[in-house]
Amino acid sequence: MIPGTVHYTSNRAGLTDRYWTTPSLTPLLVSVAGAVRISDVPANSVVYRDPVNEKLGGEVPGWFFVRTQGASGWMEASVLARTSTARTSNTLGWTRTLILSVPNGTLAAKHLVAIPWDPEKTLIAAPALADLTRLNNAFKVKFAKNLDVDLANRTLGTQRYLYEDLGPYIAAKPGTSNHGWGMAIDVPETFEYSFDGAYYKWLKANSYKCNWIHRTNLEQYRADGSLNPYAESWHFEYVGK
Ligand SMILES: [Zn+2]
């Protein structure tokens with residue numbers, strides 16, 4: 001198996017050894033001296049070290065083979081930290097309208113906050129956090145656990161990579177995804193969050209009360225009863241009030 005060719009379907013991919021990018025941004029490389037895969041990952045983005053593929057690829061001192069933003073590759077260890085330093089509330093007062101005026105996929109660290117209850121400190125557009133927190137509080141009342149988030153903000157570089165790698169059924173056309181404004185979340189692809197799962201069913205029925213929605217065009221079946229090839233049980237969007 002060649003590192004970088006692994007097709008995971010989620011950000012975490014079962015990896016648990018977490019790091020966060022520091023303000024000195026680091027590119028994700030195909031190999032330690034090779035092409036850049038993604039270069040626009042903002043500060044405080046979570047990165048998972050992948051020791052199995054690191055060994056397979058041949059360990060290089062000072063470099064980690066990692067998984068981040070749904071892509072894998074090599075990063076310099078020196079720019080990764082063990083903790084996130086991202087803000088966890090919208091202290092800069094960003095509005096949804098202001099975020100939408102930023103070109104898709106180019107949100108900077110200042111536009112983003114970490115989801116406080118998420119162990120991965122996943123980054124999301126600052127104005128979307130208050131309503132996501134309300135949704136999480138209601139979810140907790142129902143299920144006695146926090147809402148899980150796999151991925152939220154996605155950069156243009158990442159979206160381009162995913163579109164080329166996974167294709168249009170999985171990734172939106174670059175420049176059009178609400179992930180590019182940090183106003184969409186993907187929950188994990190586990191049974192409970194699938195179309196038949198209790199978490200999905202509850203979120204589908206209730207998230208709109210907190211201005212988060214699951215779109216009709218992502219449902220399992222189309223209006224004519226046929227299977228929807230674009231179905232995604234895991235994708236929710238922040239639509240504001
Ligand atoms: Zn999504």
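This is a predicted model: local features need pLDDT of at least 70, side-chain atom pairs count only at pLDDT 80 or more; totals for chains, interfaces and linings use all residues.
Trp-212 has Tyr-238 of E12 as its bridge partner, and Ile-213 is partnered in E12 by Glu-237. On its other pairing, E12 is joined to E10 by 3 bridges, again in the antiparallel sense. Here Asp-186 has His-235 of E12 as its bridge partner.

Together the 3 strands make an open sheet in the order E10-E12-E11, with antiparallel pairing. Strands E10 (184–186) and E11 (212–213) stand at the edges; each has a single partner strand, so one side of each is left without a neighbour in the sheet. E12 is covered on both faces: His-235 and Glu-237 are buried on one side, and Phe-236 and Tyr-238 are buried on the other. In a regular strand, side chains alternate between the two faces of the sheet.

## The zinc site

The zinc ion is coordinated at 2.0 Å by His-179 through NE2, Asp-186 through OD and His-235 through ND1. Along the chain these donors follow the spacing H-x6-D-x48-H.

His-235 is among the buried residues of E12.

Strand E5 (residues 63–68) is mostly covered, with 6 of its 6 residues buried. Trp-63, Phe-65 and Arg-67 point one way from the strand, while Phe-64, Val-66 and Thr-68 point the other way. Both sets are buried, and Arg-67 and Thr-68 are included among these residues.

E5 pairs with E4 in the antiparallel sense over 2 bridges, and in this pairing Arg-49 stands opposite Val-66 of E5. E5 is also joined to E6 by 6 bridges, the two strands running antiparallel. E5 and E6 form a hairpin with 2 residues between them. Gln-69, which lies in that turn, has a positive phi of about 55 degrees.

## Helix H4

In helix H4 (residues 156–166), the buried residues are Leu-156, Gly-157, Thr-158, Gln-159, Tyr-161 and Leu-162. The buried residues of H4 pack against E3 and strand E6 (71–76). E6 thus has a part in two arrangements, because H4 packs against it and E5 is paired with it by DSSP bridges. Gly-167 follows H4 and has a positive phi, near 90 degrees.

## The crossing of H3 and H5

Helix H3 (residues 129–143) and helix H5 (residues 198–206) have axes that come within 11 Å and cross at roughly 135 degrees. The two helices are therefore oblique to each other, and their crossing is right-handed. From H3, the contact is made by Leu-135, Ala-138, Phe-139, Lys-142 and Phe-143. From H5, Ala-198, Tyr-199, Trp-202 and Leu-203 take part.

Lys-142 of this contact is 92 residues from Asp-50 along the chain, and the C-alpha atoms of the two are separated by 34 Å.

## Loop residues

Two asparagines have positive phi values. Asn-44 has a phi near 70 degrees, a positive value in a residue other than glycine. Asn-44 sits in the loop between strand E3 (36–38) and strand E4 (46–49). Its relative accessibility is 9%, so Asn-44 counts as buried.

Asn-211 is not a glycine either, and has a positive phi of about 65 degrees. Asn-211 belongs to the loop between H5 and E11. At 12% relative accessibility, Asn-211 counts as buried.

Where is Asp-50 found? Asp-50 lies in the loop between E4 and helix H1 (51–57). With a relative accessible area of 2%, Asp-50 is buried.

Methods: Residues are numbered from 1 along each chain as its sequence is written. Side-chain values use heavy atoms; hydrogens and water are left out. Donors are N, O and S atoms within 2.8 Å of the metal (3.2 Å for Na, K and Ca); water is not among the atoms, so sites may look incomplete. Helices (H or I, at least four residues) and strands (E, at least two) are DSSP runs, numbered from the N terminus. Axes are lines fitted to C-alpha atoms, for helices over the stretch in contact, and angles run from 0 to 180 degrees between N-to-C directions. Angles under 35 degrees count as roughly parallel, over 145 as roughly antiparallel, 65 to 115 as roughly perpendicular and the rest as oblique. A crossing is left-handed if the near helix is turned anticlockwise from the far one by less than a right angle, and right-handed if clockwise. Contact means heavy atoms within 4.5 Å. Buried means under 20% relative accessible area, exposed over 50%, partly exposed in between (1.4 Å probe, protein chains only).
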